[in-house]
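Reader: I am new to reading structures. Please pick one part of this one and take me through it closely, step by step. Where would you start?

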Amino acid sequence: MFELQDAFARKFHYLRLSVTDVCNFRCQYCLPDGYRPDGRKSFLSLDEIRHITRAFAAMGTNKVRITGGEPSMRRDFTDIIETVASTPGIRKVATTTNGYRMAERVADWRSAGLDAINVSVDSLDPRMFHQITGQNRFHEVMAGIDAAFTAGFEQVKVNTVLMRGLNDGELGQFLAWIKSNPIQLRFIELMQTGEMDELFERHHVRGAAIKEKLLEAGWQQKVRAHNDGPAEVFWHADYVGEIGLIMPYARDFCASCNRLRVSALGKLHLCLFGEYGVDLRDLLQNEGQQAALQRRLREALADKKATHFLHEGHSGMTPHLASIGG
Ligand code: SAM
């Protein structure tokens with residue numbers, strides 16, 4: 001079997017698969033004006049999703065994260081989970097969601113084969129949550145997290161983008177929240193994308209500053225396993241929850257890159273901040289195309305670069321993360 005491996009000996013057992021660009025939230029750093037429908041776009045069908053997943057699994061992928069846009073806006077989201085989960089070789093199916101549909105649906109998702117959930121919660125203050133996301137749905141999202149535990153998920157990961165002047169004063173509240181809850185709280189550094197103007201300069205908070213505060217307060221960094229991906233994870237004996245720091249601007253961030261992305265339009269993206277996507281769609285139309293699809297993936301991977309060059313002020317062609325499944 002040819003494994004997905006690049007010229008820098010990084011192996012890619014993890015696929016982030018976007019299933020829609022549509023999102024109902026208007027996060028200030030992502031889609032501040034909301035999603036603008038484009039009638040010409042058609043997102044991957046269930047069959048196309050099946051063909052992609054099979055090809056990746058045949059090349060060693062064992063984990064798939066279903067993302068977007070907001071993946072749960074797909075009416076067939078539960079079928080998508082089932083399709084991915086039933087693909088031979090796939091051992092872990094995860095999703096990243098804004099959580100608005102979790103309270104009512106998460107038990108079905110689990111029955112369909114979902115193993116892990118990341119929910120985005122940018123503030124524990126309902127008004128600030130509304131201000132950042134454009135949606136007054138804080139209580140629904142929190143009820144969704146409770147429902148995930150009730151449905152049997154042992155841990156829920158929460159993504160929080162810390163922003164100066166907005167939610168960066170909430171570190172204490174976030175810590176209190178995870179004291180007795182099995183939540184891995186992941187602070188993601190704000191990343192500069194193509195459509196951002198001065199928002200980045202105004203709100204970017206360095207993850208390193210949070211790391212210092214955590215270490216001072218007795219948090220300890222977990223040793224990273226070789227295939228762990230780029231989050232630095234911290235634990236504390238007094239807390240049930242953990243903290244993850246995702247610092248894309250840190251040196252060596254890309255050395256632990258273990259993921260490839262396919263957009264909802266069927267393009268392979270070698271990097272969140274890459275310049276172009278490799279179109280796969282013509283090879284997703286029937287099972288007989290799998291060998292050709294795998295060949296295209298192998299050839300494309302030879303081009304993966306060592307790093308994203310974000311630290312040089314380069315944000316690639318990605319207008320916002322909803323467009324290729326952040
Ligand atoms: N709709 C889903 C959600 O809200 O989680 C999945 C897609 S969303 C693009 C995935 C994650 O990317 C969210 O946690 C969001 O906060 C994060 N994100 C989006 N734009 C970002 C940016 N410019 N910098 C850092 N994180 C960003």
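Author: Start with threonine 193, which is buried, at a relative accessible area of 4%. Buried means under 20% relative accessible area, exposed means over 50%, and partly exposed lies in between (1.4 Å probe, protein chains only). The model is a predicted one, where local features need pLDDT of at least 70 and side-chain atom pairs count only at pLDDT 80 or more, while totals for chains, interfaces and linings use all residues. Residues are numbered from 1 along each chain as its sequence is written, and side-chain values use heavy atoms, with hydrogens and water left out.

Now place the residue. Threonine 193 sits in the loop between strand E6 (183-188) and helix H7 (199-203). Helices (H or I, at least four residues) and strands (E, at least two) are DSSP runs, numbered from the N terminus. Along the chain, 164 residues separate threonine 193 from tyrosine 29, yet their C-alpha atoms are 8.5 Å apart.

Tyrosine 29 leads us to the ligand. A shell of 19 residues surrounds the ligand, and Tyr29, Gly69, Glu70, Ser120 and Met191 are the closest. A residue belongs there if one of its heavy atoms lies within 4 Å. By class, the shell holds eight nonpolar, nine polar and two charged residues. Nonpolar here means Ala, Val, Leu, Ile, Met, Phe, Trp, Tyr, Cys and Pro; charged means Asp, Glu, Lys and Arg; the others, Gly among them, count as polar.

Next come the polar contacts. Each is a pair of N or O atoms within 3.5 Å; within protein, one must be able to donate a hydrogen and the other to accept it, and residues adjacent in sequence count only if both atoms are side-chain atoms. Serine 120 uses its side chain: a polar atom there is 2.6 Å from a ligand oxygen. Glycine 69 uses its backbone, with a polar atom 2.9 Å from a ligand nitrogen. How much of the ligand's accessible area does the protein cover? On its own the ligand has 550 Å² of accessible area, and the protein covers 95% of that. These areas come from the Shrake-Rupley method with a 1.4 Å probe; for residues, only the protein chains shown count as cover. Strand E3 (92-97) and strand E5 (156-161) are the elements that give two or more residues to the shell.

Now look at the rings. A pair of aromatic rings is described by the distance of the centres and the angle of the planes. The structure has six aromatic pairs. Rings of Phe, Tyr and Trp (its six-membered ring) pair if their centres lie within 6.5 Å; planes under 30 degrees apart are stacked, over 60 edge-to-face, and the rest tilted. Take phenylalanine 25 and phenylalanine 129: their centres are 6.4 Å apart, with 90 degrees between the planes, and the pair is edge-to-face. The two are 104 residues apart, with phenylalanine 25 in the loop between strand E1 (14-18) and helix H1 (46-58) and phenylalanine 129 in helix H4 (residues 126-133). Phenylalanine 25 is buried at 2%, and phenylalanine 129 is buried at 1%. Tryptophan 219 and tyrosine 239 make a tilted pair, because their centres are 4.6 Å apart and their planes stand at 45 degrees. Tryptophan 219 is in the loop between helix H8 (207-216) and strand E7 (220-221), and tyrosine 239 is in the loop between strand E8 (232-235) and strand E9 (242-246), so the pair ties together parts 20 residues apart in sequence. Tryptophan 219 is buried, at 3% relative accessibility. Ring pairs also join Phe25, Phe129 and Phe138 into a cluster.

Charges meet rings as well. The charged end of lysine 179 sits over the ring of tyrosine 239, 5.2 Å from its centre. The rule asks for NZ of Lys or CZ of Arg within 6 Å of the ring centre and within 35 degrees of the ring normal. Lysine 63 lies over the face of tyrosine 14, 4.3 Å from the ring centre. The C-alpha of lysine 63 is also 10.0 Å from that of aspartate 115, 52 residues away along the chain. Aspartate 115 is partly exposed, at 38%.

Finish with glutamine 289. Its place is the loop between strand E12 (278-279) and helix H9 (290-301). Glutamine 289 is buried, at 16%. Its side chain has a polar atom 2.8 Å from the backbone oxygen of aspartate 282. The side chain of glutamine 289 also reaches the backbone nitrogen of asparagine 286, at 2.9 Å.
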